[in-house]
Amino acid sequence: MKKFKWLAIVMAFGLLASACGDSGSSNDNAADTSTTAAATTAAPVDQTQGGDLTFYMITHSDDGPFWSVVKRGAEAAASNLGVKLVWQGSNNDPEKQVQDIEAAVSAGASGIAASLPSPDALVPPLQAAVAAGIPVITLNSGVNDYETIGALTHVGQTEIIAGEGAGKRFNDAGAKVLLCGTQEQSNVGLEERCKGAENTFNGKVITQFMGGDADQASQQATINATLAADPSIDAFLGTGPVIAMSGLRAAQDLGRTLAIGGFDITPEIIDAIEAGDVSFTVDQQQYLQGYMPVLLLYLNVTNQNTLGGGLPILTGPGFVTPDNAAAVKALVAAGTR
Amino acid sequence: MSDENSTAVADATSDERLAYRGVFQRLLVRPEIGAIIGAIAIWIFFWAVSVPFGTAGGASNILDLSATLGIMAVAVSMLMIGGEFDLSSGAATGALGIATILLVKDTGALGGAGLNMSIAIPLSLALALFIGWFNGTMVERTSLPSFIVTLGTFFILKGAKLGISKLVVDQIQVGRIDEGAGYSFWRKIFASEWQRNDHQFGSRDFFYTLGIVGGFALLVLAVHEYNYARRKVLNNAGAALTAVAFAGGIAGIVILHATDNTGGNYLGGIVIAVSTLVGLFGFGWWRFEPVAQRGNLHIDQQVSKSFGLGLGLVALGAISAVTLDSASSSDFFLLITEQGLRAMLFVGLTSAGITFMIIGVRQASTTNPLTKSTGLAVLATTIAAIAFLVRSESASPKFRGAAFSLLLVGALLALSWAVTSSCFEERRFAHTAADNTGRLLALVGSLMVLGGAVVRLLFTTAAEIERGISPAKFSVRIVWFLSVAGVATWVLGRTKFGSWTFAVGGNKDAARQVGVPAARTKTQLFMIVSSAAWLVGLLLAFRLNTLQSGTGDGLEFEYIIAAVVGGTMLTGGYGSAFGGAIGAVIMAISKAGIPFSGWNSDWRFVFLGGILLLAVIANNFIRDKAEASR
């Protein structure tokens with residue numbers, strides 16, 4: 001027993017020492033690589049060859065259906081261009097994303113593409129990356145901060161413009177009162193989708209929180225109640241694919257025919273669009289959000305090109321409607337939409 | 001006769017634990033009584049605020065929301081009474097639904113085992129039982145708090161749902177259960193629906209009125225039977241009087257239905273009121289012992305304080321209703337209009353006042369029958385005054401009609417109770433035959449009320465269709481919910497397993513020492529929760545066809561909240577399964593009421609929190625009052 005105790009203490013000390021050593025040495029590395037990185041960018045272009053380039057894509061990916069398409073886009077670009085790609089998803093953990101960015105800078109990344117779900121935490125490390133001479137592109141979220149960072153550009157969809165596109169579609173459908181249902185409260189992006197629709201829609205827009213996707217039955221009942229309370233509502237925009245389907249079911253239960261639109265793609269909503277029950281879903285074509293940053297970083301590093309003239313590059317809104325639903329369905333199955 | 005009574009009283013009082021408890025006291029110490037009162041109050045509140053809330057569509061919405069939440073809340077209540085928590089219960093609903101879909105799905109490009117549902121559904125139940133067994137065994141073997149163990153299971157299930165669905169179908173949603181073998185049969189069991197508008201029933205309103213009026217009458221008689229001491233020899237004159245009054249009551253209802261003008265309505269109302277008073281007096285005269293000692297009016301300090309406070313609050317409510325501008329709908333404060341503030345002040349103050357007066361009546365009942373009936377008479381007058389105030393101050397037919405007549409019925413009942421309690425002797429001893437009669441009457445009465453409500457909800461009439469009533473549907477989920485709640489209530493109240501559950505939740509070591517198999521009981525409780533999760537998972541899968549991998553995550557707290565709102569204690573050993581069901585209904589009413597009222601959803605959680613807090617406080621208040629007077 002006593003022996004084990006001693007062993008434990010010795011092991012604990014060992015761990016402690018190695019931990020200290022690790023953190024110390026990695027700090028040193030960081031300092032070293034940042035200086036070397038600065039040196040490489042200052043040096044002429046011909047030093048870099050395509051095959052030696054390593055781009056880091058550091059996002060808040062949860063490896064869900066949305067982000068796996070982004071990942072495929074980035075991988076396709078990397079293999080087309082013959083560069084190395086390191087994909088890191090943080091599953092919505094800004095802390096981990098900060099660490100990944102710092103690690104990428106230490107490792108001497110040739111370029112970093114990052115999403116910015118929480119700017120306050122992520123702007124400083126990306127600014128440090130830019131200061132270290134690493135080209136940075138923001139993707140998906142971060143349209144308000146890419147200039148502060150000094151990023152080349154932003155590749156993504158602005159939620160306001162996507163919402164505005166949806167609002168126009170409802171005008172074409174002749175709707176008068178639009179209910180915009182969100183599935184998360186205090187999510188800026190979702191609120192902006194509704195605000196965008198409000199900007200272009202000619203009638204009245206009611207924005208309401210309907211309950212989360214984890215409890216679809218309750219979401220559907222809430223939409224049902226909201227529709228029952230206001231018979232003038234003739235259109236429903238769900239700020240996600242699941243809530244759009246809940247809206248469809250609620251309307252069917254009440255025997256009402258609404259113009260229904262959604263955001264993003266699931267096999268379920270595409271089937272509903274094909275059947276004509278849902279009018280459209282807004283697609284932000286996230287494949288491009290993976291593909292374009294890698295391509296743009298490559299062109300910047302190898303050829304000093306920049307694209308977009310300082311403005312963000314928009315990948316959406318693209319629309320899936322009954323006209324192209326079948327084609328998109330095949331592409332979804334292939335994993336590129 | 002009186003000798004027999006006094007010996008019974010003497011026997012009962014010799015040991016205070018065996019002392020006879022009256023019908024109201026027995027009702028009030030039930031754990032779920034506060035929740036039932038809360039549910040009714042919140043329902044009335046939203047009924048007053050919103051028009052579509054009170055329709056069949058509103059009821060369908062509430063029941064739909066209650067069903068899946070309620071099944072879980074009932075099971076979780078049982079587990080909590082047994083002293084444990086299951087944080088994996090929410091994630092398990094989605095996990096078991098997804099597991100079933102994956103077992104059923106075709107083995108094509110999208111993966112899955114491609115089993116027939118008749119094999120897949122029992123298999124997923126086996127998986128559910130295993131999850132429950134695992135939770136229970138881990139809690140027992142490690143002696144760690146179930147909070148920690150099931151938190152681990154929660155994360156495992158949450159991760160497995162995502163991991164497995166991505167591995168098998170490369171998506172975070174798993175779908176198309178409708179393409180599985182055996183779908184059309186199993187769909188009937190888990191997802192058949194009743195479309196109200198497809199079912200017309202011409203004499204619906206007759207059966208509805210019969211069920212509600214007759215059922216309530218039987219319930220009132222049941223209370224009399226419980227509350228008063230039986231005569232040795234029945235008095236036939238009383239029976240005759242009751243029969244005459246019964247005929248009068250029928251005549252009153254006929255007058256009420258046949259006439260459309262206000263004068264006719266008042267005539268019908270007066271006939272009904274007089275018949276009720278005479279009938280209940282006749283019923284008492286027929287069956288119960290006349291009061292021995294009526295006593296003199298004696299108002300002690302306690303009683304006068306309660307009544308003073310009560311009358312004062314009612315007066316304040318009335319003043320605020322009269323003085324505030326009824327027509328103004330301008331914003332008064334944040335989201336409350338002046339009209340809304342007026343309604344809230346009126347309803348809040350008067351109901352608080354009535355509550356204090358009821359407490360006063362209870363205090364007065366300890367002095368003598370006369371004082372008690374005087375108090376009841378004052379209460380009846382106050383309620384009647386409130387009814388007429390509501391009628392004169394409000395514009396909508398909802399208040400001028402329904403609320404007005406319901407309040408008058410309340411006043412009438414208080415008045416008739418005042419008459420009977422000053423005329424007949426209260427029973428202060430156990431009497432099996434009388435209790436059995438009371439129970440039978442209460443059972444038949446409740447079934448009639450329920451039947452009337454069900455007929456009204458399930459069927460529509462040609463007139464309603466003509467007015468263009470929007471469709472409402474009722475799913476078999478509700479039947480599952482009611483069955484689960486009924487079976488769980490029976491198990492907890494009437495079986496050995498139920499007693500063991502209370503024992504292990506109250507004090508596990510003590511329970512073990514008297515021979516309760518504590519570990520086995522707890523493990524079985526965990527298995528009950530996971531089986532309920534299996535049922536809910538299947539209900540969701542057959543309803544939605546496609547399940548998100550996040551389905552159910554985080555809902556375990558809603559189940560626990562519903563159980564607590566329903567009167568189950570967080571510490572275990574106290575509560576009821578039926579209360580959990582009522583707790584789920586309260587949450588459903590609050591959730592549905594907010595969108596029905598058209599309130600801004602930004603404030604949703606403020607309302608929800610406030611309502612839940614009020615429900616729990618009311619529950620505790622009622623329980624404390626009841627326990628104190630035990």
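A:Asp264 counts as buried, with 21 C-beta neighbours inside 10 Å. A residue is buried if 20 or more other C-beta atoms lie within 10 Å of its own, exposed if 12 or fewer, and partly exposed in between, with C-beta atoms placed from the backbone. The model is predicted: local features need pLDDT of at least 70, side-chain atom pairs count only at pLDDT 80 or more, and totals for chains, interfaces and linings use all residues. Residues are numbered from 1 along each chain as its sequence is written, while chains are lettered from A and ligands numbered from 1 in the order in which they are written.

A:Asp264 sits in the loop between strand 9 (259-263) and helix 10 (267-274) of chain A. Helices (H or I, at least four residues) and strands (E, at least two) are DSSP runs, numbered from the N terminus. Most residues other than glycine have a negative phi. The phi of A:Asp264 is positive, near 70°. A:Asn91 also has a positive phi, near 50°. This residue, A:Asn91, belongs to the loop between strand 2 (84-89) and helix 3 (94-106) of chain A. A:Asn91 is partly exposed, with 14 C-beta neighbours inside 10 Å.

Chain A contains 12 helices and 12 strands. Of its 337 residues, 50% are buried. Contacts (C-beta atoms, placed from the backbone, within 7 Å) were also sorted by separation. In chain A, 73% of the contacts with a separation of 6 or more involve residues 24 or more positions apart.

Two packed helices are described by the angle between their axes and the distance between the axes. Axes are lines fitted to C-alpha atoms, for helices over the stretch in contact, and angles run from 0 to 180 degrees between N-to-C directions. In chain A, the axes of helix 6 (residues 159-172) and helix 7 (residues 188-200) come within 6 Å and cross at roughly 45°. Helix 6 of chain A is therefore oblique to helix 7 of chain A. Angles under 35 degrees count as roughly parallel, over 145 as roughly antiparallel, 65 to 115 as roughly perpendicular and the rest as oblique. The crossing of helix 6 and helix 7 of chain A is right-handed. A crossing is right-handed if the near helix is turned clockwise from the far one by less than a right angle, and left-handed if anticlockwise. Six nonpolar, six polar and seven charged residues form this contact of helix 6 with helix 7 of chain A. Ala, Val, Leu, Ile, Met, Phe, Trp, Tyr, Cys and Pro count as nonpolar, Asp, Glu, Lys and Arg as charged, and the others, Gly among them, as polar.

In chain B, helix 4 and helix 22 (residues 556-565) pack at about 70°, with axes 8 Å apart. The two helices of chain B, helix 4 and helix 22, are therefore roughly perpendicular. Their crossing is right-handed. Contributors from helix 4 of chain B include B:Leu69 and B:Met72, and those from helix 22 of chain B include B:Tyr559 and B:Ile560. By class, this contact of helix 4 with helix 22 of chain B has nine nonpolar, one polar and one charged residues.

The contact between the chains takes 32 residues from chain B and 25 residues from chain A. Helix 4 of chain B gives the largest share of the chain B side, five residues. That side divides into 10 nonpolar, 16 polar and six charged residues. A:Ala229, in helix 8 (residues 216-229) of chain A, touches B:Ser50, B:Pro52, B:Pro595, B:Phe596 and B:Gly598, not counting residues up to four places away in sequence.

Technical notes. Contact = placed C-beta atoms within 7 Å.
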